[in-house]
Amino acid sequence: MVRCRICNNEDFIELIDLGISPLANSLLKNKKEIKKEYLLPLKALVCRKCYLVQLSKKANPKKIFNKNYLYYSGYSNTWKKHCKKYSKKIIKRFSLTNLSHVLEVGSNDGSMLENFSSENIKVSGVDPSVSCNEISRKKNIYTIDSFFSKTVAKKIVKTRGKADLIIANNVLAHVPDLHDFIWGFETMLNCNGIITFEFPHLYSLIKKNQFDTIYHEHYSYLSIKPLQKLFKMYDLKIFDIEKISTHGGSLRVFVCKNNSSHSIRTSVSNVIKEEKVFGLYNLRTYKEFSKKIEKIKADTLKFFNNASKKKKKIVAYGAPAKGNTFLNFCNIKAKNIIFTVDKNKMKQKKLLPGTHIPVYGPEKLLQIKPDYI
């Protein structure tokens, strides 16, 4: 990468180099696929001008979000509760009715939109993963198989009309071309409509050493000031921010058109102040990060070496993308972790990317009775 995804600057510092890594959600069907595994550098950089944190190497989005994509939000009861709580709150706050139109970008299996359609609110979904969209359509949710862009937004406006609410949960970080993407939101949004973006907060990533949030699906790692700069280019503004607990500490950012009636709340300046005081707009903060992560790696390897000497059986619970970043960076293999288990049946009987640890259903734990999970 030679230019910043927001400001086109060419001057960066390195945040962290996690080495050569596979795509975090690309589980392998069998050992024969190991030879064909898609590997590329996983390095995060900080723009010296606007402070957007971003990956140095852009993975091809079609290699990630395709018919083999295995993340289904409906398998997480925690996420389904989150969606239900959000829908109730947003319908009440912004007085959505059966005359409203709600669009979700990155609609996955429809776990969010089904909460609106059950209230007789018109819904539309956009997602590039055909396998997820098949599940969404079974819930009678109108869904388009596509990446979201200005062109796609224009097509939706023609066939479905503009949106009063656009939801984009955990999708903004997944976008390689931020400008075309945000232009699509501006095109799609009604004059007094709102957009809500949810994303893991860079503040939490740095403060809590959450390096496992870094993987190829996440092209950017987000804080407020760079986003304000981006939104301003498309006549959009952030008018409210809520802190939420998902993904280790996230933000829900409320966005509207500049000439909208929504006034900017103090929550926006409060979050920016918190980011500044912590040092998100000071390059020294980022230079210290990799030292902390190297210590985590050393401590992890020490644990596994000691457990191996004592002949302890170690297994894992879950097969998430974050776990795969952690395991690959720490160079943990199938000899260290016998297997992992996951409720998602689409992940079972497969191998984790890079480490090639087998995945089973949770019942496997009762058969083995490990020393450590």
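**Figure 1. Helix 5 passes helix 6 in a right-handed crossing.** A crossing is right-handed if the near helix is turned clockwise from the far one by less than a right angle, and left-handed if anticlockwise. The model is predicted: local features require pLDDT of at least 70 and side-chain atom pairs count only at pLDDT 80 or more, whereas totals for chains, interfaces and linings use all residues. Residues are numbered from 1 along each chain as its sequence is written, and side-chain values use heavy atoms, with hydrogens and water left out. Helices (H or I, at least four residues) and strands (E, at least two) are DSSP runs, numbered from the N terminus. Two packed helices are described by the angle between their axes and the distance between the axes. For helix 5 (residues 150–160) and helix 6, the axes come within 7 Å and cross at roughly 20°. Axes are lines fitted to C-alpha atoms, for helices over the stretch in contact, and angles run from 0 to 180 degrees between N-to-C directions. Helix 5 contributes Lys-150, Ala-153, Lys-154, Ile-156 and Val-157 to the contact, and helix 6 contributes Asp-180, Trp-183, Gly-184, Thr-187 and Met-188. Contact means heavy atoms within 4.5 Å.

**Figure 2. An open sheet of 7 strands has the order 6-5-4-7-8-11-10.** The pairing in this sheet is mixed; two strands pair if DSSP finds at least two bridges between them. Strand 6 (142–145) and strand 10 (236–244) stand at the edges with a single partner strand each, so one side of each is left without a neighbour in the sheet. From one strand to the next, the twist averages 20°.

**Figure 3. Helix 8 (residues 224–232) has buried residues that line one face of the helix.** The residues concerned are Ile-224, Pro-226, Leu-227, Leu-230 and Phe-231. Buried means under 20% relative accessible area, exposed over 50%, and partly exposed in between (1.4 Å probe, protein chains only). Seen down the axis of helix 8, the buried residues fall within an arc of 160°, so they line one face; the arc is that of the directions from the helix axis to the C-beta atoms. Their cover includes helix 6 (178–188), strand 8 (189–200), strand 10, strand 11 and helix 9.

**Figure 4. Strand 1 (residues 12–22) and strand 2 (residues 39–47) run antiparallel.** They are joined by 8 bridges, and Ile-16 stands opposite Ala-44 in strand 2. Strand 2 also pairs in the antiparallel sense with strand 3 (residues 53–55), over 3 bridges, with Val-46 opposite Val-53 in strand 3. Strand 2 and strand 3 form a hairpin with 5 residues between them, and Tyr-51 in the turn has a positive phi of about 70°.

**Figure 5. Asn-324 and Thr-325 lie in helix 11.** In this helix (residues 321–329), Asn-324 is buried at a relative accessible area of 2%, and Thr-325 is buried at 3% relative accessibility. Not counting residues up to four places away in sequence, Asn-324 touches Ala-24, Ala-319, Leu-352 and Pro-353. With the exclusion of residues up to four places away in sequence, Thr-325 touches Leu-18, Phe-211, Asp-212, Ile-214 and Tyr-215.

**Figure 6. Asn-120, Lys-311 and Lys-345 are found in loops.** Asn-120, in the loop between helix 3 (114–117) and strand 5, is exposed with a relative accessible area of 60%. Its phi is near 60°, a positive value in a residue other than glycine. Lys-311 is placed between helix 10 (283–309) and strand 12 (316–317) and counts as exposed at 74% relative accessibility; its phi is positive, about 55°, although Lys-311 is not a glycine. Lys-345 occupies the loop between strand 13 (340–341) and strand 14 (359–360) and is exposed at 64% relative accessibility. The C-alpha atoms of Lys-345 and Gly-361 are separated by 7.3 Å, with the two residues 16 apart along the chain.
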